[in-house]
Amino acid sequence: MCILCDQGKPQNHSRPQLGRRDFLKVSSAAAAGAAGMGLFATPPAGAHGDDDPPQDSGRHGRRYVIRNGYVMTMEPGTQGQDSPFGEFIEGDVLVEGKKIKAIGKNLHVSNAAEIDARGKVVMPGFIDTHHHQAWTAIRSSIPDSILIDDGTGTASAQQNYIFNILGALQPTLPGFANHYRPVDVYVSELFGGLSQLDAGVTTVLDISQIHHSPQHSDAAVKALKDTGRRAMLGFFESAGNIPGNQYPTDAARIAGNLSGHDLVGFVMGGEVYLGEPIYTPAWQFARQNGFLIAAHILSPFGIRPILDDLAAGTGGTGNNLGIGPDNLFIHMTGMSDFGWQAVKDNGAKVSIAFPIEMNMRHGEPPILKMQSFKDPAFEPSLSTDVETNMTADFFTQMRSAMTMQRMIVNQAVLDSGPIPANPWPSGPGLPPNENLPPLLNARDVLRFATINGAKHLRLDGKTGSLKVGKEADIIILDGN
């Protein structure tokens, strides 16, 4: 899987404004067109025009070498003589089939196609550990919203996500999700996956809340498979609790449909705010079968005391469920010190969606809280959350993480004062503050966006870095 990403290519995102009924008509037409083009079969990946891939792309066992790129392995330690960080200037990457066979300078390779990567960055694909991919078709539909109606009557309150998308609080006036048919699920999931591949995101945890029926679930599974991208299907509750949904009891069937698939796996959704009678069997099923458990943990919905119960080992209906290394907690905003300590001590993972959390009133992204433990192994992965509000572009996720953290730390440094009157060219600077974490840098957020995501999804043996023996989830960034 090698993706050439052109970050400078203009794209036309203009579209007419659509109501719910219009959206469904467009989805239906798109699905009919997709069926006519054979999109409901599994097509071979391909490109057109100037972006045509080298000859024999996709052929089993095909050999190719990416030449003379700036290779960023994202591997710790030394992998070559030029850098303690494992990167090369003008390095080569040899791929055979789906595996990386060699990384180095001036590799002597026979019987292999060549990809010229001069002036380009060669690196592992981005990994999104939390993306509600079913909402692709209603992208940017509520750009000013907050999470919950706060009663202010403002545009942000009226557009709130819970009501307008999930339709969860007022079922007599349901949101977009309640109108989805299986074909709408398929179209959104397929187009969402392809658009993310185009943006260099080669792996996703699809937080799927569109399981109104087994047919809806099957449509999501088929779309993830047909996209040809590495993915984990997160089986969550049906948005709006549509009658006929079979959460969590359909988990075994869905997981069975994904068993042994090369690219698509299964993650159990276990939302604690649904109540112990619902989340207890979901967590038990996951632990009995060795699956990850993902859950939104954030300031609203009364989650803080629930997490404290789990941290104390007293959560779950009569079962004393506890936090473990199989937990992936999304957001982790507004939680207690006790809950945080248990998350850290028990090896649970944290996915932070910086732009959405800041924009939709989830709470302050908890990057400084994670840094306060001063444990280099306790870091977040990054996630895009919902495209109904913000872009899923991963450069936005990285920039937002870095900017938000630096804003807080930089202001704390300035507030520590007094600010020197003449700090240049050789005047004194502000004294160091040992209570503040170091500023995030570009390498940090790249790590969050690649290898950390792989670790959090238990995929670091396959992807997340460029290493001999790993699979070739590679993106090439055009610096020009």
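**The sheet around β12**

Strand β11 (residues 293-297) runs parallel to β12, and 5 bridges join the two. Helices and strands here are DSSP runs, H or I of at least four residues for helices and E of at least two for strands, numbered from the N terminus. Two strands count as paired if DSSP finds at least two bridges between them.

Before going on, the conditions: this is a predicted model, in which local features need pLDDT of at least 70 and side-chain atom pairs count only at pLDDT 80 or more, while totals for chains, interfaces and linings use all residues. Residues are numbered from 1 along each chain as its sequence is written, and side-chain values use heavy atoms, with hydrogens and water left out.

Back to β12, which covers residues 327-331. On one side, Ala295 stands opposite Phe329. From β11 the chain passes through helix α8 (residues 303-311) to β12, in a right-handed β-α-β crossover. Right-handed means that, with the strands pointing away from the viewer, the path from the first strand over the helix to the second runs clockwise.

On the other pairing, β12 and β13 (residues 349-352) are parallel over 3 bridges, and Phe329 has Val350 as its bridge partner in β13.

The whole open sheet has 8 strands in the order β7-β8-β9-β10-β11-β12-β13-β14, with parallel pairing. Its edge strands, β7 (126-131) and β14 (381-382), each pair on one side only.

**Burial and cores**

How many residues of β12 are buried? The count is 5 of 5, where buried means under 20% relative accessible area with a 1.4 Å probe, protein chains only (exposed is over 50%, partly exposed in between). Over the protein, 50% of the 480 residues are buried.

A nonpolar core here is a set of buried Ala, Val, Leu, Ile, Met, Phe, Trp, Tyr and Cys residues joined through side-chain atoms within 4.5 Å. The largest has 86 residues, and Phe126, Trp135, Tyr161 and Phe329 have the most contacts inside it. Apart from it lies another core of 15 residues, including Ile66, Val122, Ala472 and Ile474.

Contact means heavy atoms within 4.5 Å. Beyond four places in sequence, the contacts of Phe329 include Trp283, Leu307, Ile323 and Val343.

Is Gln405 buried or exposed? Gln405 is buried, at a relative accessible area of 0%. Not counting residues up to four places away in sequence, Gln405 touches Ile367, Leu368, Gln371, Pro437, Pro438, Leu439 and Leu440.

**Totals and confidence**

The protein has 14 helices and 15 strands. Of contacts between residues at least 6 apart in sequence, 74% join residues at least 24 apart.

The average pLDDT (the predictor's confidence in each residue, from 0 to 100) is 86, and 81% of the residues score at least 70. Residues 5-49 are below 50, and this stretch has 51 contacts in the model beyond near neighbours in sequence. Residues 78-85 also stay under 50, with 19 contacts beyond four places in sequence. Where pLDDT is low, the predicted coordinates should not be read in detail.
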